[in-house]
Structure formats: structure tokens, C-alpha cells
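These are my notebook entries on a structure that I looked up.

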Amino acid sequence: LSVPDVEVGADSENADINDLRDMRETVRTGHDCELAREHVASDSVHCVEETAMMGSPERAKQPAAPDAKEERAVQGSHNSMAKVAFASTVGNVLEWYDFGVFAFLAPQIGDQFFPKEDRATSIMNAFIVFGGAFVIRPLGGALFGHFGDRYGRKAALQISVAMMGASTFIIGCLPTYAQIGALAPLLLTVCRLFQGLSVGGEFVGSLIYAVESAPPNRKVFFGSLCTSSAVAGTTLGSWTGLFLHSVLTEHELLEYGWRIPFWCGLAIGAFALWMRKGLGESGEFAEDRSKAQAAKAESSPLIQGLRQQPVSILLAFLIAAVYGFGVWFISTFPPVLYLDLMDPPLGGKGAEREERRGGDVVYHGGSDIWLLHTLVLCSIVAAIPMWGWLGDRLGNQFMMASSTLALAVASLPCAIAMGSGVVASSLLGQTVLSLIIACIGSSFPSYLVQVFPVGVRYSCLAVGYNGALGLFGGTAGIVGTYLFNTYGSTGAIGAYMAAVASVSCV
């Protein structure tokens with residue numbers, strides 16, 4: 001404990017030395033060092049001669065040992081950031097797990113909830129309902145954005161994940177078209193709309209919370225964890241689809257198997273809600289809370305944002321358009337393309353998923369394709385935070401511009417390779433597209449969060465991002481199915497993706 005260089009009388013020498021020893025003992029036992037310093041200053045002024053009696057002058061000049069309380073505070077900071085990262089991402093896993101399961105089981109859902117027509121029409125109907133949840137995302141973004149800007153990010157995230165978990169479970173309990181007729185697809189659509197409302201606030205809210213809470217030199221990385229967790233959710237859905245196709249017959253899958261993944265969504269939602277109950281507000285929002293309270297008497301955050309940030313909202317829309325179509329095409333459409341639309345299925349007749357066993361149809365033949373697709377999704381999950389780590393060093397704007405340009409160039413040849421009918425070529429095309437899209441997904445969260453002021457950030461980003469996801473992400477399966485059926489090739493899909501990337505890049 002350093003002391004000022006001041007002379008004192010000999011009469012107070014012993015008492016002062018005892019005080020100094022007491023204070024050093026207090027620091028060693030973990031009490032607040034500042035209180036010890038104030039107590040020393042109030043009792044007496046210590047001199048260098050007294051310090052010399054405790055040890056050499058060189059020892060007196062050495063800095064004090066770290067305060068135990070300060071060490072615990074530093075460790076607590078690391079623990080809190082780990083909790084922020086986990087709690088921000090676990091809700092995304094649920095949101096996109098459900099969306100992924102719905103997309104992967106689109107053929108079976110189409111058979112159960114729509115009239116029996118040709119298979120392509122049933123798949124198209126299922127994708128239309130799937131896309132309906134995206135169409136309503138902007139409304140969900142506006143509602144949750146207003147709530148999050150006014151009352152806090154934490155409350156908005158809790159409500160969104162609870163709504164998502166409940167609606168996911170209800171889908172697994174719905175009666176089919178054979179049981180209640182046209183009411184079945186209507187109820188399915190209503191549940192999907194509630195899911196769209198919740199996801200409109202969930203993803204944007206989670207990335208805003210993560211980036212606002214992150215240290216300045218790690219904002220790209222923490223933002224990338226949100227997009228990585230979203231793809232992790234679709235990957236979990238893909239593993240679920242792979243498992244169901246491997247162990248159930250077609251009869252079992254249509255009878256009850258398709259319901260199991262939706263029932264599991266309730267457990268994931270409950271866990272996510274429990275994780276978020278212990279969170280505080282993000283650092284930037286907490287600092288800006290007084291301004292947010294003062295702004296309550298003014299117009300809504302969305303109205304303020306539309307007046308003050310129109311160019312930034314358009315920027316968010318364009319960036320989300322290319323990422324939304326790309327990530328949903330590459331993460332959900334390939335299994336449908338390879339096994340349901342291509343004739344023969346990818347790999348030839350030997351890769352078909354139908355095998356006769358006692359009169360039932362077993363889905364073993366396509367398991368290899370499902371496995372390859374799921375492994376590609378795992379590579380995206382791993383690549384996004386790696387790109388995010390690099391983005392903190394090179395800059396998120398550079399990463400976005402270069403990767404969007406790469407997507408505009410590579411979309412057409414990669415899409416053609418995916419439809420070649422050769423497993424190696426299809427896998428190569430899908431993997432290249434996946435890594436480019438992962439690079440885009442790693443950098444745009446931190447960039448877009450920092451574009452908007454704190455007071456209108458949630459509302460503006462939610463509307464811009466979700467509007468693009470509704471028009472481009474939610475229609476990826478519909479557009480892919482339509483273009484393939486119309487032109488008989490995946491080249492048209494690649495041209496469409498290249499056009500979207502080119503406009504966004506400009």
C-alpha cells in the first residue's frame with residue numbers, strides 16, 4: 001500500500017505503523033482497498049521512514065496486489081458475457097429449429113394438410129404456408145420493435161420466445177385435412193402467423209442485445225453468434241428430419257412422426273425463457289434509458305425512425321434481402337430439390353428414399369443425402385463465428401461488400417452444379433455457396449445495429465430486416481420450386497440469386 005512522502009513526529013510513529021499494518025491486512029482479506037485508503041488518510045499521514053520499517057524502499061514503491069473484489073468483478077464480467085451470448089442465441093435455436101423442421105417436412109405436411117393432388121402442388125402449398133410466417137414478420141418486427149425500444153430488450157425477447165414455443169407445440173397437435181377438412185390448413189396458417197409475429201421480434205432483438213452488450217472490439221463476433229445460432233436451429237431441424245427419415249416408415253411418418261419435432265419445441269422454448277429471466281438490460285440501452293423515458297411522450301420509435309432514418313432502413317432491407325434468400329435457399333431447399341423434385345433423385349435410383357419392407361415405404365435410401373446436407377449446415381454454423389472473428393480485425397463493411405460480390409459471381413455456376421445430378425458436384429456447389437453466405441451472415445448484424453441510434457434501433461432494424469426476409473427469405477422455397485418446375489433446371493434459381501446479390505452489392 002503506497003503512502004505519501006511526508007515527515008511526521010516520532011511520538012506518532014508506532015501508532016501510524018500499526019494502522020498501516022492493519023490496513024494491509026484488510027486488503028489481503030479481501031475488503032475494499034478504497035475504504036482502507038480513506039481510513040489511513042483520516043487517521044494520520046504516513047512517512048517514508050515508517051514504510052522502510054516494514055521493508056525496503058524498493059518494496060514500498062511496488063504496486064499493491066490486486067484486490068480480491070476486483071478480481072471477482074473481472075471474472076464476473078467474463079461470466080456475464082458468456083451468459084449474454086448463450087441467452088441471446090438459445091432463442092434463435094428454437095425459432096429456426098421450427099422453421100427448419102417445417103421446411104424439411106414440407107412434403108409430409110403438404111400431404112396431411114392439403115387435398116391430395118400431385119406431389120409438386122402439395123409441396124408448393126406447404127411452402128406457401130411456410131412463407132406466410134415470413135410475410136407477417138414486418139408486423140411482428142414493428143410490434144416488438146416498439147416494445148423493445150420503449151420498455152427494454154429483455155422483456156421483448158421473453159415474450160417472443162414464449163409465443164414461439166407455444167405456437168410450435170400447437171402445430172404438433174393440429175388435426176389433419178382428412179379429419180376436419182379445409183379447417184386444417186386454416187388452423188395451420190394461423191399458427192404459422194403467430195410464429196411469424198414472434199420471430200419478427202426474436203432474431204432482431206437477440207442480435208441487438210448481443211451487439212449492444214459486447215465489448216467494442218468484439219461486436220462483430222458477438223453479432224455473428226446470433227446468425228450462427230439461427231443456422232444451428234435449422235441444422236437441428238435437419239438432424240431431426242434425418243433421424244425421422246431413417247427410423248420411421250412412410251406410414252409412421254405421416255401418421256404421427258411429423259408431429260414429434262413440434263412437440264419438442266415446447267421444451268426448447270421453456271429452457272430459453274428460463275435462461276433469459278436472469279438477464280439485465282443491454283449496456284447501451286441502459287445508458288440511454290433516460291432518453292427513452294423522455295421520448296415516450298413523443299411519437300412512436302418507428303415513426304421517428306421512418307422520418308429520420310429512411311436511407312438506413314433501405315440499407316438494412318437490401319442487406320437482409322441477399323442474406324435472407326441465400327441462407328433459406330441453402331439451408332432448407334436442397335433436400336427437397338435432391339429427393340422430391342429431381343427425377344431421378346440425386347445419385348440415381350439407388351439414392352431413392354423408398355424401399356419396400358413388408359408393404360411399407362422406408363426412407364432409408366435418401367439418408368445419405370440428408371446426412372451430407374446436414375454436414376454442410378454444420379459447416380455454416382462453424383464458419384459464421386470464424387468469419388466474425390476475422391471481421392473484428394478487417395472490418396464488417398469490408399467483409400460484407402466482398403462476400404456479397406462473391407455471391408453475385410458464384411451463384412449461377414454453383415446452382416448449376418447443385419442440379420447436375422452428380423453427388424460430388426452438387427455437394428461442392430452447395431458448400432461454396434454456404435461459405436459465402438456464412439461470411440455475409442457474420443458481419444451484417446454488428447454493422448446494421450451500429451447504423452441506427454439506440455432509441456429507434458429495434459423498430460427500424462426490425463422493419464427493414466423483416467420486410468426483406470418476408471419478400472425474399474420466406475419465398476425461397478416457393479421461388480426455387482417454381483423455377484425448377486418451370487425451367488427444369490437449377491440454373492434459373494442461380495440467376496435469380498445472382499440478381500438479388502448484384503442489387504444488394506450496388
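I begin with handedness: a crossing is left-handed if the near helix is turned anticlockwise from the far one by less than a right angle, and right-handed if clockwise. By that rule, I recorded the crossing of helix 11 and helix 22 as right-handed.

Entry 1. Basis.
I note that this is a predicted model, in which local features need pLDDT of at least 70, side-chain atom pairs count only at pLDDT 80 or more, and totals for chains, interfaces and linings use all residues. Residues are numbered from 1 along each chain as its sequence is written, and side-chain values use heavy atoms, with hydrogens and water left out.

Entry 2. Overview.
I looked up the secondary structure and found 24 helices and two strands in the protein. Helices (H or I, at least four residues) and strands (E, at least two) are DSSP runs, numbered from the N terminus. Of the 506 residues in the protein, 54% are buried. Here buried means under 20% relative accessible area, exposed over 50%, and partly exposed in between, with a 1.4 Å probe and protein chains only. I then turned to contacts, defined as heavy atoms within 4.5 Å. Among contacts between residues at least 6 apart in sequence, 83% join residues at least 24 apart.

Entry 3. Helix 11 against helix 22.
I noted that helix 11 (residues 183-213) packs against helix 22 at an angle of about 130°, the axes being 9 Å apart. Axes are lines fitted to C-alpha atoms, for helices over the stretch in contact, and angles run from 0 to 180 degrees between N-to-C directions. Helix 11 is therefore oblique to helix 22. For the terms, angles under 35 degrees count as roughly parallel, over 145 as roughly antiparallel, 65 to 115 as roughly perpendicular and the rest as oblique. The crossing, as recorded above, is right-handed. Helix 11 contributes V199, G200, G201, F203, V204, G205, L207, I208 and E212 to the contact, and helix 22 contributes R457, Y458, L461, A462, Y465 and N466. By class, I listed nine nonpolar, four polar and two charged residues in the contact of helix 11 with helix 22. Ala, Val, Leu, Ile, Met, Phe, Trp, Tyr, Cys and Pro count as nonpolar, Asp, Glu, Lys and Arg as charged, and the others, Gly among them, as polar.

Entry 4. Helix 18 against helix 22.
I next took helix 18 (residues 310-341) with helix 22 (residues 457-473): their axes are 7 Å apart and the packing angle is about 40°. These two helices are therefore oblique to each other, and the crossing of helix 18 and helix 22 is right-handed. On helix 18 the contact residues include A316, F317, A320, G324 and W328, and on helix 22 they include L461, G464, Y465, A468 and F472.

Entry 5. Helix 18 against helix 20.
The axes of helix 18 and helix 20 (residues 396-418) come within 12 Å and cross at roughly 25°, which means that helix 18 is roughly parallel to helix 20. I recorded the crossing of helix 18 and helix 20 as left-handed. It is I319, V322, F329, I330, P334 and Y338 of helix 18 that meet M400, T404, L407 and M418 of helix 20. These residues divide into nine nonpolar, one polar and no charged.

Entry 6. Single residues.
Is S411 buried or exposed? S411, in helix 20, is buried, with a relative accessible area of 1%. Not counting residues up to four places away in sequence, S411 touches L433, G494, M497 and A498.

I located W258 in the loop between helix 13 (250-255) and helix 14 (260-277). W258 is buried at a relative accessible area of 0%. Leaving out residues up to four places away in sequence, W258 touches L105, Q112, F113, I171, L174, T176 and L253.

I303 lies in helix 17 (residues 301-308) and is partly exposed at 35% relative accessibility. I also noted that I303 and S459, 156 residues apart in sequence, are 9.0 Å apart in space, C-alpha to C-alpha.

S502, in helix 24 (residues 491-505), counts as partly exposed at 34% relative accessibility.

Entry 7. Cysteines.
How many disulfides does the structure hold? I found zero disulfides, a disulfide being a pair of cysteine sulfur atoms within 2.5 Å. C264 is partly exposed at 38% relative accessibility, and C378 is partly exposed at 29%.
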